Amino acid sequence: MTVAVFDEPAADAVPDCSAFVATEAESGVRRLLLLVSGIECASCIQAIERALKAQPGVVEARVNFTTRRLLIRWRGGVERGDELAALVARRGFGVTPFDPAASQDEGDGQERELLRALGVAGFASGNIMTLSVAVWGGLAEMGEAMRGLHYWFSALIALPAIVYAGRPFYRSAWNAVRQGHVNMDVPISLGVLLATAMSLFETVRGGEHAYFDAAVCLLFFLLAGRYLDLRARGRARAAAAHLLSLGVRSAKVVRDDGWVVETPVSELAPGMTLLVGAGEKIAADGLVSEGASDIDMSALSGESRPVPVEPGTRIFAGTVNATAPLKVRITAVGEATVLAEIVRLMETAEQGRARYVVLADRAARFYAPVVHGLALLTFIGWMLAAGEWQPALLNAVAVLIVTCPCALGLAVPAVQVVASGRLFRRGVLLKSATALERIAEIDTVVFDKTGTLTLGRPQLVDADAIDRQALRLAAGIAKASRHPLSRALSLADPDAPLPGEVREQPGCGLEAVVDGVTVRLGSRLWCGVLAEAGPEDAGSEIWLTRPGHEPVRFTFQDRLRPEAAKVIAKLREAGCRIVLLSGDRHEVVSRLAREVDIDDWQAGCLPADKVRRLNSLAAAGSKVLMVGDGLNDAPALAAAYASMSPASAADISQVAADAVFQGETLMPVAETLKVARAARRLVRQNFALSILYNVVTVPLAVAGFVTPLVAAIAMSASSVMVVGNALRLQWGARR
């Protein structure tokens with residue numbers, strides 16, 4: 001939970017961000033979200049993060065390339081928000097408090113800038129190529145004056161185009177150099193400017209080696225590759241941007257005097273009451289206080305059928321009120337809403353540093369010094385061999401361009417964002433950056449039973465035959481737990497009072513003090529019920545025990561999740577061993593295991609038992625995916641090699657899991673494994689393509705067989721090839 005802190009901003013700070021600082025109530029850590037413009041590549045992100053992490057007190061600094069959102073967390077005063085924002089601004093980046101609409105506008109603006117630059121470069125290259133054809137076709141035989149005239153016409157067209165169209169590369173390169181490092185745009189800028197300068201020098205002195213066509217065409221193909229990459233990334237990662245767009249700018253707040261006031265979302269606070277009309281989006285998380293309607297949850301859950309709500313029902317920001325007006329009491333706003341949490345999960349999955357990402361980053365980090373050294377050696381070698389600086393410089397420029405590591409830098413992120421987007425559309429939210437990588441390696445899947453293989457919505461059987469006093473007492477105690485059986489029992493008497501002191505023992509049950517005596521509600525073993533007290537049939541049960549009374553048994557019926565048996569069969573076909581671990585009784589687990597065809601199962605498992613079984617599987621060399629939802633599954637989810645949890649799970653289980661899936665079916669588990677393995681295969685292919693590209697093109701460039709124009713085409717083609725290979729994952733999903 002976060003509490004917004006509003007202080008007077010520092011007068012001399014640029015920009016003014018103190019009023020947007022939030023304080024995390026649990027730890028006291030300050031948090032600020034900024035929108036950063038001018039980010040061109042991974043080097044920009046690394047420069048920002050390194051500069052902020054070097055500041056005293058900074059706990060975390062993370063930039064998300066999709067939304068340009070910078071998260072800064074630190075220990076210290078609120079006023080430091082201005083200082084840290086100014087630190088980023090001094091490094092040449094635009095900084096403003098984060099606004100989802102502004103983030104989308106900034107991404108659209110970058111796309112428009114690239115498109116305009118691409119148009120200018122295309123127009124210029126087309127006209128210059130026309131003039132060059134005349135020179136190459138023999139018009140130059142008419143004399144040096146005519147050739148020089150054509151070169152001057154080419155210069156007049158090329159120079160403005162090179163200045164304008166090259167701005168995205170020059171800006172990124174200048175920011176990198178000013179911060180004391182180099183990125184992939186530095187050699188690109190050097191190559192373009194050197195080729196232009198050499199051509200202008202040759203034109204002035206009446207020489208023969210003018211390459212205005214190569215310089216402009218180089219920019220054209222570089223811009224084409226970058227624009228296609230931006231569009232591909234935008235489509236692949238549209239899920240997070242779509243979620244951000246689900247928010248609203250203002251909402252109707254019902255004041256204490258009954259008046260309804262249009263209020264900006266930034267001014268909403270827990271405890272306020274919203275009036276949400278039919279067809280309107282809900283601005284904050286809350287509880288329905290008045291009215292009944294249907295809520296369209298498709299944006300968050302993927303379920304197309306509207307969900308009926310009534311007073312007391314929890315609803316979420318970003319969903320749509322479909323049929324009738326509602327009054328909603330706000331429980332969470334802004335970054336504390338479920339919508340904001342989903343966006344954070346998506347961003348975490350996209351921007352994290354998995355093993356392959358780290359490998360690509362290390363390779364790209366050594367790229368600049370190696371390429372610059374190789375280009376220098378090429379220049380020196382050709383000078384010694386040919387004795388002329390023009391061909392030596394031309395070949396050095398070609399080396400600078402052709403070795404750009406764009407393909408290597410895109411090898412992992414392109415696949416990662418496509419896979420995250422595909423899974424999101426299937427209702428799976430990745431919480432860990434390494435989740436896909438680890439899930440791709442699993443060979444064993446361990447399922448919990450209640451709430452995982454089953455829907456976790458059991459119904460009480462024969463409620464009319466149960467003593468009313470015992471039922472009311474048990475229903476009141478059960479309200480203190482989120483266990484599916486407890487929730488089902490509490491619904492049997494919704495008006496039952498909750499005792500003042502209830503303690504839950506994970507995997508066992510509930511213990512309450514009622515009228516000075518201890519009452520237990522839970523498993524047969526926990527409540528100390530003898531075998532003679534009731535039959536042990538295949539139904540789920542909990543017991544109520546209290547001094548001076550006979551134990552009371554509550555039996556329930558639950559049903560399997562749709563396609564549970566089919567999913568298990570698919571996982572087995574994928575080479576996975578299937579294990580069922582449940583805290584339920586032997587008879588219940590045995591019946592369900594037969595129903596879904598699981599031979600390896602264990603009943604009566606406490607949380608520690610599940611962890612021990614996972615540890616024994618790991619010790620035997622197995623890589624385990626744990627799928628569970630209950631409070632007692634959290635230790636097992638954290639201990640497993642990888643883990644998944646349904647969206648209906650307890651909060652602590654969702655925190656422990658690497659991925660959360662929506663809906664009633666288990667099919668997202670099989671889909672996640674399929675996508676993870678496909679993503680791993682594509683990443684390896686992208687690495688192979690990147691390495692093959694450099695192995696082929698670099699020697700040719702050093703040997704003088706590659707002109708700057710050909711180098712630009714090859715470099716852009718390699719980036720498009722890698723992105724296109726990653727998009728096969730998306731195309732496969734559509735098929």
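**A walk through the chain**

The chain has an accessible surface of about 32000 Å², and 59% of that belongs to carbon and sulfur atoms (Shrake-Rupley method, 1.4 Å probe). This is a predicted model, where local features need pLDDT of at least 70 and side-chain atom pairs count only at pLDDT 80 or more, while totals for chains, interfaces and linings use all residues. Residues are numbered from 1 along each chain as its sequence is written, and side-chain values use heavy atoms, without hydrogens and water.

Let's start with the overall layout. The chain holds 26 helices and 28 strands, which are DSSP runs numbered from the N terminus (helices H or I, at least four residues; strands E, at least two). Of its 735 residues, 52% are buried, meaning under 20% relative accessible area with a 1.4 Å probe and protein chains only; exposed is over 50%, and partly exposed lies in between.

Now look at helix α13, residues 389–402. Buried residues make up 12 of its 14, among them Gln 390, Asn 395 and Val 402.

Next come the charged side chains. The structure contains 22 salt bridges, each a side-chain nitrogen of Lys or Arg within 4 Å of a carboxyl oxygen of Asp or Glu. One of them joins Glu 671 and Arg 422 at 3.0 Å, N to O. Glu 671 is in helix α25 and Arg 422 in helix α15, 249 residues apart. Glu 671 is buried at 14% relative accessibility, and Arg 422 is buried at 7%. Arg 426 joins these two residues in a network of salt bridges.

Note on methods
Expected span 1.5 Å × (residues − 1).
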